[in-house]
Amino acid sequence: MANRKKIGWYLIFTVPLLLIFTLIVLVPFVIGIYYAFFQWDGIGANPMVFNGLDNFVRLMEDERFLRSTWLTVLFTVLSVITVNAVGLAFALLVTSKLKLANLARTMLFMPYLIGGLILGYIWQFVFLDVFTLIGDVTGLESIFFNWLNNEDFALFALVFVFTWQMAGYVMIVYIAGIQGIPGEVIEAARIDGASGWQRFLRITVPLLMPAFTISLFLTLSYGFKIYDVNLSLTGGGPANATELFAMNIYNEIFGYGNYGYGQAKAIVFFVIIAAITLTQVYITKKKEVEM
Amino acid sequence: MAFNKKFVTGMTFAATISLLAACGGGGGDEGGSEGGSGEQSQGISIFQTKVEISEQLEAAAEAYTEETGVPVEVIGTTGDDYAQQLQIRLNNGTGPSIMSVQNAEVAERLESYLYDLSGEDFVSNIAPDMELMLDDKLVGVPYSVEGFGIVYNTEMVDPADIQDYDSFVSTLEDFNAEGINGFGLSSEAYFLIGHISNYPFSLQEDPVEFMEQLSNGEVTLTETEEFQRFGEFMEAIRDNTPTPLNTTYDTQVGDFAAGQTAMIHQGNWAAGMLDEFEVDFEYGMAPFPLEGNDKLAVGVGSNWAVNAEKDQAEIDAAIEFLDWLHNSETGQRFIVEEFGFIPAMTNIEAGDLDPLSQAVLEASNSGETIPWSHNYYPANVVPNDFTPVAESFFVNEDMTGEELVENLQAAWENAAQ
């Protein structure tokens, strides 16, 4: 009976979620795979022409898509590094014996609470007005200009804003990890004469591995999937220099009206993200140490 | 424990039902306007692309509901992503009863959704050649006659000074020396390159035929005189004005209203915004002097179309609304006074027009116009392909006008394939 009761509770919590998940994730996903083998403009009444693997073949020769792939990889690698470095630094800062630690923690987390779209527009203003103003005043015009109008710097602007947004979030994960490290281990190390840097590298980092696993996974997948900040900050411009994966797919489907081809891209996109994030989780999991 | 089991099943059931109900709710809303039960009048919905008239259209819808009791829902739009939004709505069955269709290219894609309006009374009043035809069906009723060109501040610019390349460039240079923006574009697709790219096409003897030949590879832009000159113009504009990529439509018009910009490339639709700014100077519209062009570009911005996928009752109701809008006194008043349209109907008198619309109307009446070629461009070529090209042109100071035209050629090929 007790077992039955458990199953009951289990059902209460899972069935609604499972239903929703099936309806809005699994079903569209499967339909999407189906569409990827057709040539279709996405308008219900217009004919769908089956063209086998043509969409996938075409994809390999699509320069704009390949460029977008490269940009996405670059963006993700850069952001994973910066987000985690900054997030970890924040976490170490607010878990130290700083007086304003709690306030700092709240403030550093705040950017995450602002939606990506709004954030993009805010930063658009910062780059356009504040950056150019600083450049004018300080004379450092080679650093402080409107990054968004430069084909190389626009991507860095995107990394910058994404870091600003996500660092507070992974900070929370790292804080939880740091607080889970027993004080006696660190104390023992200190008594043994380990310096601050050694304590960080030999004790904190290995024991933080679970937090790394989660944070890396989150930033990797968020980075690959980014769309909102991309849309509102640069809109893919200038000259498609910041057109990342998700935006490329959206433009293919709704801009060029190639629904089937866009779906094929989306499938490839999914496979790539899944492969990369799973590999990452596998590798970092192996590095985790048991206490 | 039996209680628990019941409780559990109950809860699961309730959750499932509420889900279904939620789905049903969505349909229900639609049902409310569609079926809404027979004795009530058939409701209609309108989804349209022109942001400038959103509020006014809602007022018109209210007035219509008051007069006839037919509920009209105006679905909001942001303008830019209208085409995508419309596609999504049509596909998931929440399409509007009346929608706007920009041009023949779009009409072709949406063919199965477009109701044939040929036989309706009010379409006989459409000004000659202004209707949107698809084969031999009349599928779109023009919004209005619109035109664009150089909108200039009469206190700063004498139209005689911008009649050819040399005078235009020297005017720009003068303004540049004074620290005034001589010629403002803005970063949005159509305002950056879409509209201005019309001129070299529209100056061809037969623009539509030229575009067909272009798509077939029989002519190239780089070898066409008008485009070579166009490249030079764009180069002069880039070199003598602040980059348009930092400007939005709003700031472009706002800077003009504030006297910080002497000329902007805009259409008569901008007059409404200038009016709101209560500008204290006179302004007018002059032709863009490519190859000495002395005509404004005049065309139809968009068309009203009726969704053929709806049931007949709703289609009829939609047609009645359009009929009311174009034939009743109230409807006509809205078109002329509230929307500020230059009517494209022979039975509607233009009202007191703003200076820009007046210029367009005069040009249109005298026939001294060039057509809107962008209505015949390959679908979406402006936001998809032309805009990145224009962006890289404005970003890279060392790109020449010639290279701009080469890239536009490549962009066209990409879109036309």
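Let's start with Phe47(B): its bridge partner in E3(B) is Met99(B). The two strands involved are E1 (residues 44-47) and E3 (residues 98-101) of chain B, which run parallel and are joined by 2 bridges. Strands pair if DSSP finds at least two bridges between them, and the helices (H or I, at least four residues) and strands (E, at least two) are DSSP runs numbered from the N terminus.

This is a predicted model, where local features need pLDDT of at least 70 and side-chain atom pairs count only at pLDDT 80 or more, while totals for chains, interfaces and linings use all residues. Residues are numbered from 1 along each chain as its sequence is written, and chains are lettered from A and ligands numbered from 1 in the order in which they are written.

## The sheet around them

In chain B, 6 strands make an open sheet with mixed pairing, in the order E2-E1-E3-E10-E5-E4. Strand E2 (72-75) and E4 of chain B are at the edges with a single partner strand each, so one side of each has no neighbour in the sheet.

## Two loop residues with positive phi

Asp135(B) isn't a glycine, yet its phi is positive, about 55°. You'll find Asp135(B) in the loop between strands E4 (132-134) and E5 (137-142) of chain B.

Glu278(B), also a residue other than glycine, has a positive phi near 50°. Glu278(B) sits in the loop between helix H11 (271-276) and strand E8 (283-286) of chain B.
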